[in-house]
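Me: Could you take a close look at one part of this model for me? I'd like the sheet and the loops around it, salt bridges included.

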Amino acid sequence: MTSYEIGHLIMSRCPRFYKYRRSRARHYQWQGKREPQRIDIRAGKLVTMSLQIFPILFCLCALVSGRVLDTRETERRMHPLFTAASAGSRLKRAMPMIVFDPLKAEEQYAEYWQGLAHQTLDQQLESKLRLNTQLAKNVMLFLGDGMSIPTLTAGRVYLGGEEKQFSFEQFPYVGLSKTYCANMQVADSACTATAYLGGVKANYGTVGVSAAVQVKDCLAQGQPAHHVASIAAWAQRQGMATGLITTTSVTHASPAGIYAHSANRNWENDAEVIADNGDPSLCPDIAAQLLSNPVGQKLNVILGGGRQNFLPKSVTDVSGAPGRRLDGRNLIEEWKRQHTNSAHYVQTRSELLGLSNHTSRVLGLFAPYHMPYHLDADAKEHPTLEEMVQVAMGILERQSAGRGYFLFVEGGRIDHGHHDTLALRAIDETAEFDKSVRWARTHSSTDDTLIVVTSDHSHTMSLAGYSSRKNDIFGINNGQLAADDLPYATLSYANGPGYNSNYLREGGAVKRKNLRAINMKNKDFMFPSTVPLESETHGGDDVAVFASGPYAQLFTGVFEQHFIPHAMGYASCLSDRNMCVDGGMARRPR
C-alpha cells in the first residue's frame, strides 16, 4: 500500500481525525510556524510517516470517531455458522454452533451437485439454442396476485422441499418486472392491471385509464381519450376468442383491467359510486361496464365471484346474500338477454362442469363476492381454478374458429391471504394457482401457444433464519432463539394485523408470545408482523415473469411491467408493431 493510499484510507475511515489534523495545520500556518508533526494529509497523502506508525493511527481513528471497524468478530456476528455438534437445540448466536445433517446421504458428495448442474446445463442448452419465432396463435396470461418471490420460495417447501419447483418455474425464460405505479413507489392491483394488460402505467387506485385520471375523478374517467384498451380488446379486433377467470369478484381490480375504465377500483357497483358522491350516469360502475363496454360484451368466458355487484338490493342470490345495486338493475338477467341461447349463466361447480360442447359464452358467478379460499371451499359448490381453466380453454378453442384466443387467469386470493398475514392460506392459494398453469401448459402446444406467468406486485412477507432443510415452513426456526430467549417464526411480515396476535402486554411492557404454545398450522393463524396495521401492505420489490412458447425469449431481463402486453401482442401480431401478414394469422419471414 502506498503512502497516498494510506492517507486516503485514514481520511475515509476517520473524518473527525482528518478534520482535527487540518485545523491543527492551519493553526501553525497562521502563527508562521512549521507544524511539529511531519504529516500533511491536506493533499490526501502522507509525506514522511513510516508504515510502522500506521496501525497506531488506525486505532486512534477508531477511538476518535467512535465507529466500530470491520473485524472478524463483526463478520461472525453477521454470518453465524452452525457447524458444532448439538442435539437439535435452538441456540443464540453467542452459544455453541449446531449441526444439521444433509437431507440425503448423496448430498454429502460433490458429484451429486455436479450431476444436477450438468443436467440443468443440458436443459438450458436444449431450450435456449432454438428460438421459437412462430406466431403465438393463443396467448394465456396467468397472474398470481401478490405472488412475491418469497411466496414462491416458501411455496416450494410447502410442495415438499427447497429443491421442488412450481410448474411455471420450469419455463425456459424468466425475467423481472418493475411494478411501481405512475404516481406511487408501491403499487396496487388496479394501476398494475392497466400496465400488464393495457401497456400503460397508471395512477394508484385507477384501472383502465391513463395517468391523466386521478383517483375518484369521475369527469376524467368519462373522457374516451383517457381510456386504455387492454390486450383483450386488441385480440377481439383480430377476431380472437377471449376470456377471463379469477378467484376474486369478476369486478375486482385485476379482471376489471380487461374490460373497464374506472377512476376508482372500488366502484364495483353503483352504490359505491354514489357513496363517493359520483354520478353513475357519468362514471358507470365496473359491473355495469361489463355489459355496456364492447370488450365485456364480446367476452366468451367470464368466471369468478361477485354476484352481489350484479343484483339489486331487493334480490338475494342462491346463497341468500342480497345484491348491492341501488339502480334496481339485475345485470345477470340483462346479460342473459344480451346473448343467444348458446350462452349460459352458471353459479355452481356442477353447472359449470355440465356445460354443453355447444356453449358459445358463459358467465359463471360462484360467490356473492370473492370465491372462498381453497382451504374453505365446498367442493360441491365451488370449482377449483384448475377446473375453470379446463372449461374455459375448451370453450375458447371451439369458439376461436381457428383464429386463436386470449385468456386471462388470476389467482387472486394469494394477495388476500398476505394482507391478513395468513401465510398458510396465501401459499396454499399459490399451489392451487400452479395446478391451473400446469394443466394449461400440458394441454396446449408450445409451438403455437404463449403462456406468461407473473404477479402484479409483491408483499412484505419474508423467509428468515437458519433452519434445517425441510423444516416446517409454517413453524418456528429450529436453528436459534431470539434475543428474548423465545423462538421466532420462519415466515413473518414487515407490517400487518399479525402484530396484535403475536404480542402481549405485561406490566406496561410489550413482549412476544411463545410460539411453541400456539398452533401455527391453523389456517387462521396470523403470522408475526413488526408494525401494527389493520391490513398488511404490498411490497415494492420486483416480481418474476415466466414465459413458455412463441417469443417467450422476449420476457428476459429486467423491464417495466407495462412492457408485458406489448411483448405478448408482438408474439401474437396484436399490437401496432408486428411482423405479420394475412390479417395477423401468418408470420412474415424475417
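Reply: Let's start with D472 and K521, which form a salt bridge whose closest N and O atoms are 3.8 Å apart. D472 sits in the loop between β10 and β11, while K521 is in the loop between β13 (509–512) and β14, so this pair ties together parts 49 residues apart in sequence. Keep in mind that this is a predicted model. D472 counts as partly exposed, at 34% relative accessibility, and K521 is partly exposed too, at 46%.

D484, at 37% relative accessibility, is partly exposed.

Now the sheet itself. It's an open one of three strands, ordered β10-β11-β14, with mixed pairing. β10 (461–463) and β14 (529–532) are the edge strands with a single partner each, so one side of each has no neighbour in the sheet. From one strand to the next, the twist averages 20°. β10 runs antiparallel to β11 (residues 491–496), and three bridges join them. Within that pairing, L463 is opposite L491 of β11. Helix α6 (residues 149–159) packs on the sheet, where it touches β10 and β11, and its direction makes about 50° with that of β10.

For context, the structure holds 24 salt bridges. Some are linked up: E107, E162, E163 and R469 form a network of them.

Methods: Residues numbered from 1 in each chain as written. Predicted model: local features only at pLDDT ≥ 70, side-chain atom pairs only at ≥ 80, totals over all residues. Heavy atoms only, no water. Pairing = 2+ DSSP bridges. Helix = DSSP H or I, 4+ residues; strand = E, 2+ residues; numbered from the N terminus. Axes fitted to C-alpha atoms, helices over the stretch in contact; angles between N-to-C directions. Contact = heavy atoms within 4.5 Å. Salt bridge = Lys/Arg side-chain N within 4 Å of Asp/Glu carboxyl O. Buried < 20%, exposed > 50% of the residue type's maximum accessible area, 1.4 Å probe, protein only.
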